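Visitor: I have a model to go through with you. Can we start with the terms and then work along the chain?

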Amino acid sequence: MTGTFAPGRELGEGRWHYRRSLASRVTLLTTMAVGLTIAFVALGAYVTVRMQLQSTLDESLTDRATLAAKSPSVINQQTGAEIPAFLLVLSDVRVGLMYEDGKYEWYDRLGRLELGAPELDVAQGDSPQSIRTVVVEGNRYRVVAVPYLDHQALLLAQSLEPQQKVLARLGIVMLLFGLAGVVAAGVAGWGVAANGLRPVRRLTAKVEHIARTEELQPIPVEGDDEIARLSSAFNQMLAALAASRDRQRQLVADAGHELRTPLTSLRTNLDLLAQSDASSATLPPQARAELLDDVRAQIEEMTTLIGDLVELARDEPMAHVIETVDLAEVVDLALARVRRRAPGVALDVTLDPWFVIGEHGALERAVTNLLDNAAKWSPAGGTIRVSLVEGVLVVEDDGPGIADADLPRVFERFWRSDESRSMPGSGLGLSIVEQVAVRHSGTVEAGHAASGGARLVLRIPGAPTPPPAQPAAAGTGADA
C-alpha cells in the first residue's frame, strides 16, 4: 500500500489509522460521559415514574374494588330489581363478575378478554385477590379481582392508555432534554479542552521554536499547576542541555589547544629530520636522538590525550574483564611509568597488600592519572608521597595545592582551572579517576596536604588477602 503520511495518521499492520487530537478526544470523551450519564438518569427516572404510576393505579383499583364489593345492593324503585352497588359507583372502569365454575360476564362491552387461573382462584376462595395486565384487541388493561359474595369474584379493568400517554410524553421530553444536554456537554467540553490546552499549545510552540533554532533559552513559567511544573521540567532539561553543550565546546577547545602543541612540535621535528636527510649536512647522532625522543614523547602525549577523550566520550556499553586485582601491584606499575616521565621528582611509597574485584586496566589508568597529576604540579626536587593502607590510596604532592573554590569541581568532566590551562594535559584525567572509582563502588576526593600541596584519596572496596580463585568473567559495564 502506498501513500503519503499526513498529520494525525500513522501506518500500522498495513492500514491507515486516524489519530485524533487531544482536544477532540477530550471533547469526545466528555460528550460520551455526559451522554451516558444523561441516558442512565433518564432511564432511571422513566422506570421510576412508570413503577410509581403502576403502583398508584394498582392501589387505587384494589381499594375501589374492595370498597365496591362490600357495598350493599340498591333496589330499583320502578322495577323493584336489585342493582349491585358497584354498577353505580364504578362508572369510569370496566366491571364484571367471575363465578366459581370459571364463567364470567362483563357489564360493559370490553371485547374478548381472556381471564384465567388468577381470577378463578379468587372466585373459588383460594386467593385473597389478583391483579395483572391483560391485552384486549391491542389495548392493555389492568385487571383486579377481589372476593364478592359467595364463590364469586368482582372484576375491575382499567385501560392503561392514559398511563402510556403520560410515559410517552415523558420519554419524548427526556429525549429532547437529553439531546440538548449532550450538545451542551459537547460544546462545553470543546471549550474546556480548547482553553485548558492553550498553555500546552504555547509550550509546544516554544519547544518547537527551541528545537528549530537551538536557542536554549528558558521558557517563562506561569502559575503553579501541572503545566507550570512541565515548563519547569523543560527548563531544567534546557539547563542541562546548555551545560552539556558548554562542556562539549570547552572539551573541543581544550582538546584543540592540547593537540596543537604536540602537532606543532611533531611537524617541526619531522621537518628538521627531513631537511637533514635531504641535505648534505647531517645532524649529529646526539641531536638526532634528542629529536626522535622528542617525537616519541609528543606521540605518547597525543596518544594519552586521545585515549582520555575516547574514554569519556563513548556512550555505548563496553565489555570489561572482571578479575581479582592486586591494587599494590597496580600502583607499582603506575609508579614505574611516573619515574620515567618525571625523573626529577622523588617518590615516598608505602604499600600494603589490597585485593579488589574489578578491571585491571581501568584501575591502572586511574592510579596513573592520580600520579601524573601529582607529578605535573610538583616542583623540581619535590616529593610525591604515595601510601596504600587498608584499601585507601593517598597521593600527596608539594605543589601549590587546590584552591578551596575549585575543590568541588576538580573531578568534573571537561573542567580545568585557570592555572592549569597553560600546562600540559586535557583536564580529563581526574574525571576518569572518578568514573573508575564509581564503577568499582569506590570514592575519590580531593583536599589539602600538610605540605600545602594537593591530597587525593581513592578508596576501593576489597580485602587484604585475595579471595578464593575463580575464573575471570566478562561483564558489561556502562560509563558513569
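Guide: Two strands pair if DSSP finds at least two bridges between them. Strands (E, at least two residues) and helices (H or I, at least four) are DSSP runs, numbered from the N terminus. The model is predicted, so local features need pLDDT of at least 70 and side-chain atom pairs count only at pLDDT 80 or more, while totals for chains, interfaces and linings use all residues. Residues are numbered from 1 along each chain as its sequence is written, and side-chain values use heavy atoms, with hydrogens and water left out.

Visitor: OK. How do S14 and S16 pair?

Guide: S14 and S16 are antiparallel, with five bridges. Valine 392 has arginine 459 in S16 as its bridge partner.

Visitor: And what joins S13 to S14?

Guide: Five bridges, and these strands also run antiparallel. Leucine 388 is bridged to leucine 393 in S14. The two strands make a hairpin with two residues between them, and glutamate 390 in the turn has a positive phi of about 55°.

Visitor: Is S14 enclosed or open?

Guide: Four of its five residues are buried, so S14 is largely enclosed by the rest of the structure. Buried means under 20% relative accessible area, exposed over 50%, and partly exposed in between, with a 1.4 Å probe and protein chains only.

Visitor: What does leucine 393 touch?

Guide: Leaving out residues up to four places away in sequence, leucine 393 touches Val331, Val367, Leu370, Val386, Ser387, Leu388, Leu456, Val457 and Leu458. Contact here means heavy atoms within 4.5 Å.

Visitor: Which residues have the most contacts inside the largest nonpolar core?

Guide: Leu370, Leu371 and Leu393, in a core of 38 residues. Helix H8 (327–341), helix H9 (360–377), strand S13 (383–389), strand S14 (392–396), H10 and strand S16 (454–459) each give two or more residues to this core. H9 gives the most, with eight residues. A nonpolar core is a set of buried Ala, Val, Leu, Ile, Met, Phe, Trp, Tyr and Cys residues joined through side-chain atoms within 4.5 Å.

Visitor: What about H10, how many of its residues are buried?

Guide: Nine of the 11 residues of H10 (429–439) are buried, so the helix is largely enclosed by the rest of the structure. Among them are Leu430, Ile432 and Val433, and also Gln435 and Arg439. Just after H10, serine 441 has a positive phi of about 60°.

Visitor: How do H4 and H5 pack?

Guide: H4 (residues 161–196) and H5 (residues 198–213) pack at about 35°, with axes 4 Å apart. Axes are lines fitted to C-alpha atoms, for helices over the stretch in contact, and angles run from 0 to 180 degrees between N-to-C directions. Ala194, Asn195 and Gly196 in H4 meet Arg198, Pro199 and Arg201 in H5.

Visitor: Last one: where is pLDDT below 50?

Guide: pLDDT is the predictor's confidence in each residue, from 0 to 100. The protein chain averages 78, and 80% of the residues score at least 70. Over residues 1–16 the pLDDT is below 50, and over residues 472–480 it stays under 50. Where pLDDT is low, the predicted coordinates should not be read in detail.
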